[in-house]
Amino acid sequence: MNRKEITKFLSELLVEKRLSGMGKYYASEVTMDWYIGKITHTMRRVDFIQFVPKNQTVSGIEHGDFYFYEVKSCKEDYNSGNGLTFEGDKNYIVTTAETYKKIIKDVDYDVGVLIACPVLREITVSYTHLRAHETPEHL
């Protein structure tokens, strides 16, 4: 698959497995700081933003969390300067295992990584690539 196909695959998988469901709300290709960014040429985009309320009460909605997801199909995509807007309560990079191995040392400690893994394939992790406090999350 080429870069565009991988990005489409990862985006569709993310929507299907993590963003859809009762009480979850999401938007794709969200522009942050549009007005100020338009003036200063610093507009930023997030691939996906999800809002998950604690529960369906007023208080639960007020205390909900925003999740930011950046889809990265390859190391070049990760280093391109586009994306990597992590201002949510929880922030994730969505990528393939192959790309994860290439970017692991560049990912900030407070950013999670979601890795696409085939359903019928055994999940194995090379722990030599992981930092002491983290474990990878699988879609």
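## Buried, exposed or in between

A residue counts as buried under 20% relative accessible area, as exposed over 50%, and as partly exposed in between. Keep that in mind as we tour this predicted model. F66 has a relative accessible area of 40%, so F66 is partly exposed. F51, in contrast, is buried, with a value of 16%.

## Aromatic rings that pair up

Two aromatic rings are described by how far apart their centres lie and by the angle between their planes. How many aromatic pairs are there? The count comes to five. One of them joins F51 and F66 in a tilted arrangement, 4.9 Å centre to centre with 45° between the planes. Because F51 belongs to strand β2 and F66 to strand β3, this pair ties together parts that are 15 residues apart in sequence.

Y67 and Y69 form a stacked pair, with 6.5 Å between the centres and 10° between the planes. Y67 is buried at 13% relative accessibility, and Y69 is buried too, at 1%. Over the face of Y92 lies R18, at 5.6 Å from the ring centre.

## The second largest pocket

Now look for the second largest pocket, whose volume is about 320 Å³. It is lined by 18 residues, and the closest to its centre are E29, D47, E70, N82 and G83. Which element gives the most to this lining? Strand β2 does, with four residues. The lining divides into three nonpolar, eight polar and seven charged residues.

## A valine in β5

Finally, find V113 in strand β5, which covers residues 112-116. V113 counts as buried, because its relative accessibility is 9%.

Terms used:
Residues are numbered from 1 along each chain as its sequence is written. This is a predicted model: local features need pLDDT of at least 70, side-chain atom pairs count only at pLDDT 80 or more; totals for chains, interfaces and linings use all residues. Side-chain values use heavy atoms; hydrogens and water are left out. On a 1 Å grid over the protein atoms alone, a cavity is a set of points where a 1.4 Å probe fits but cannot get out, and a pocket is an open set with protein on both sides within 12 Å along at least five of seven lines; lining residues have an atom within 4 Å of a point. Grid points are joined across faces, edges and corners, and a volume is the space filled by probe spheres set on the points. Helices (H or I, at least four residues) and strands (E, at least two) are DSSP runs, numbered from the N terminus. Ala, Val, Leu, Ile, Met, Phe, Trp, Tyr, Cys and Pro count as nonpolar, Asp, Glu, Lys and Arg as charged, and the others, Gly among them, as polar. Buried means under 20% relative accessible area, exposed over 50%, partly exposed in between (1.4 Å probe, protein chains only). Rings of Phe, Tyr and Trp (its six-membered ring) pair if their centres lie within 6.5 Å; planes under 30 degrees apart count as stacked, over 60 as edge-to-face and the rest as tilted. A charge sits over a ring if NZ of Lys or CZ of Arg is within 6 Å of the ring centre and within 35 degrees of the ring normal.
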